[in-house]
Each structure stands twice: as C-alpha cells, then as structure tokens.
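Visitor: I'm new to this one, so please give me a quick overview first. Then pick a single part and take me through it up close.

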Amino acid sequence: MTSRTDGTGANTTQTQICHQRKYLEGTYKYGPHEKSVMHRHPNSVAIFVTDSNATFTFPKSDPQNIVSKAGETRFIPGGLHLPENTGDQPFEVILVELKSSRVKKTA
C-alpha cells in the first residue's frame, strides 16, 4: 500500500478528511501500538470515538501520555506532534481543525 501525507503532513493511511468549510474535520484511526509521523495541526477540538491510550511526542518538550474515554472532547493547541497508540486496542478520534478567521479592519 502506498501512503502519502495530507495537507497537515499526517499519513493518509490513518486519515480520512470529511469536508471543508470554516473548519476541517478528519477521522484518525490508529491500530494497537501504531505510530504516526511528526506533523502539524492548527488549534483543534478532538472528539474521541473510542477509549484511547496514547503518547504524544513534541520536538521541544517531554512526551505526554494521554488517556481518553469514548465521547470525551478536548481542545488541542496547534503545533507539531507525533502521536502513538500505546494501547492494545485500536482507537479513533474525530479532529475538528479550527481555521483562523481574519478580522477586517474598519476605517
């Protein structure tokens, strides 16, 4: 299987982009102990479809272990990260990327 990256740099074998408006929504699925690649997202809201155990590695700080329950939501600040499913079960998360909107200056 050939894999490539989407606009975020995430591996498209793990990503399914749903649609684009004032936000971008994608579904990310990780198999047990699957590791992604270092990539970037803007500020986002994560909606966990399944329970998850993950480690997020960052270029300039210590890795963070994150445990989430199905139905939980979290605000995720934008930036570079490398996610890894550290659990024995697959997990799925819907990521809603928040696009910045420019405010028009008035005279």
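Guide: Let's start with the overall build: the protein chain has 0 helices and 9 strands, where helices (H or I, at least four residues) and strands (E, at least two) are DSSP runs numbered from the N terminus. Going along the sequence, you get β-β-β-β-β-β-β-β-β. Do keep in mind that this is a predicted model, where local features need pLDDT of at least 70, side-chain atom pairs count only at pLDDT 80 or more, and totals for chains, interfaces and linings use all residues. Residues are numbered from 1 along each chain as its sequence is written, and side-chain values use heavy atoms, with hydrogens and water left out.

The protein chain has 107 residues, and 32% of them are buried; that means under 20% relative accessible area, while exposed is over 50% and partly exposed lies in between (1.4 Å probe, protein chains only). A contact here is a pair of heavy atoms within 4.5 Å. Among contacts with a separation of 6 or more, 66% link residues 24 or more positions apart.

You'll find R74 in strand 7, residues 73-76. Is R74 buried, partly exposed or exposed? R74 counts as partly exposed because its relative accessible area is 27%.

Its surroundings show how the chain comes back on itself: R74 and I47 sit 27 residues apart in sequence, yet their C-alpha atoms are 6.8 Å apart in space. Leaving out residues up to four places away in sequence, R74 touches S44, V45, A46, F48, I66, V67 and S68. The side chain of R74 also has a polar contact of 3.3 Å with the side chain of S68. By polar contact I mean a pair of N or O atoms within 3.5 Å; within protein, one must be able to donate a hydrogen and the other to accept it, and residues adjacent in sequence count only if both atoms are side-chain atoms. The side chain of E72 is another polar partner for the side chain of R74, at 3.0 Å.

S52 counts as buried because its relative accessibility is 4%.
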